[in-house]
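Could you open the model and follow along with the notes below?

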Amino acid sequence: MTVGRNDPCPCGSEKKYKKCCMKKGTGPCLLWSFSCFPRFTNRYLFFPDGICNNTYCMKGRGGQKMSKTNISTDPLFHTFTSDNLIVENRTVMAPMTRGYSPNGVPGEDVVAYYRRRAENGVGLIVTEGTGINHPASVSGASIPLFHGEASLNGWAKVVKEVHEAGGKIVPQLWHVGMTRKKGELPNEEAQPVGPSGLSLSGKKITEPMTEKEVVNMVEAYAQAAADAKRLGFDGIELHGAHGYLIDQFFWENTNKRTDRYGGDLFGRTQFAVEVIEACRREVGPDFPIIFRFSQWKMNDFKAKLATNPDELDRFLKPLVEAGVDIFHCSTRRFWEPEFEGSDLNLAGWTKKLTGKPVISVGSVGLDGEFTSFSGANTTSLDGLIEKLDNDEFDLVAIGRSLLMDPEWVRKVKDGRANDLLPFDKEALQTLY
Ligand SMILES: Cc1cc2nc3c(=O)[nH]c(=O)nc-3n(C[C@H](O)[C@H](O)[C@H](O)COP(=O)(O)O)c2cc1C
């Protein structure tokens, strides 16, 4: 049973819970255990026998029993080796925008946040999306930037501490394109930019980017890639997913161009191709370039760039030829088949078609996807391990579970599945 601060106290007192039993041991109700709920929450779980055996989750729907992970999690802890990247295990921290970098500068709290995950065994950290050097690259003054001395110095500290803790880290290079609203910080006067000046819903907002603007944008990505290498990062991830700038070029709804950056699916990859090539030119052949893409867009979860494997092949080929090392295939639920007639998910198909290593992602260890904006209970890892063990994908990105709990990887490794925390959306309000 979960109880809010203002609910009646389950001990039978007339008072609200916060008046009766807020502090452990001070009220007549002693039926709860501090260790079984996360510090962020204002809800409390009560156990009929007064003992928390950690098999019930505190969040949502009255405490559901967790399904157990029955098979060995060892495959998650095998070393990953590719041509230019070795990762100690198969776990990746998914990029998650946190908005805790005032004036775009990651400070000591951000350094500690990433270090904490590295210390607890995350193999590879992909940072939150960080804005390339363009005035309209991000929406909001506390989104970290990836240009300017102060921001880059902040990132250098992150890299140093993650390395000291034994982890690896790549920045996710980001431009939000037309998802930026006019007048948003950090540069209120900067207009949103995109291939055709269209919002994700197809509304005309600004003029299409000129060819010169497109070419300059490519160079802004390249500059960020060069800076990432100079700062000691272990690679870069290009954010080509979810309906942001690169994806706006991919998607027919937002790209109506008739020049070389538009046209059919192949033509719509041209911007990404030039970005990848320019980054490769800056970082050389040995520095890993990870490319994140998705079929879904933030305003349309059913959107598809490719409706069958042939189309996916046509979409991926130019990106491979341009120099991608690893594809990060963003799905909301990793277990869902991408196309009819096969169990392979998007990552599985991408690996099969390109022969490149792939990262899978989406509701790992949780029973609800991240776009539902609510909490989620923990679930078994059996299905994930089976797919990983079958080589459907190489690496596994974990989002909310790692946002909630920096120790998630260590707990899984130590077989402490019962200690895994459900995702509570209040964790978004804390940078821990
Ligand atoms: C708070 C939050 C912020 C996110 N920010 C980004 C981002 O900056 N870049 C990105 O590519 N994906 C972002 N995502 C998506 C995650 O990388 C991941 O794909 C998604 O959460 C699914 O993984 P999960 O189910 O394990 O949480 C974000 C997700 C969350 C929950």
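Here are my points on the ligand site and on some backbone geometry.

1. This is a predicted model, in which local features need pLDDT of at least 70 and side-chain atom pairs count only at pLDDT 80 or more, while totals for chains, interfaces and linings use all residues. Residues are numbered from 1 along each chain as its sequence is written, and side-chain values use heavy atoms, leaving out hydrogens and water.

2. Please start with the ligand: 17 residues surround it, with Pro95, Thr97, Arg292, Ser363 and Arg400 the closest (a residue is near if one of its heavy atoms lies within 4 Å). This shell divides into seven nonpolar, eight polar and two charged residues; Gly counts as polar here, and Asp, Glu, Lys and Arg as charged.

3. Ligand oxygen atoms lie 2.6 Å from a backbone N or O atom of Pro95, 3.3 Å from one of Gly129, and 2.7 Å from a side-chain N or O atom of Arg400. The protein buries 91% of the 610 Å² that the ligand exposes when taken alone (Shrake-Rupley method, 1.4 Å probe).

4. On the backbone, Leu185 and Pro186 are joined by a cis peptide bond, with omega about 5 degrees. Pro186 is in the loop between β7 (168-174) and α4 (211-231); helices (H or I, at least four residues) and strands (E, at least two) are DSSP runs.

5. Two non-glycine residues have positive phi: Asn103, about 55 degrees, and His242, about 65 degrees.

Note on methods
Polar contact = N/O pair within 3.5 Å; in protein donor to acceptor, adjacent residues only side chain to side chain.
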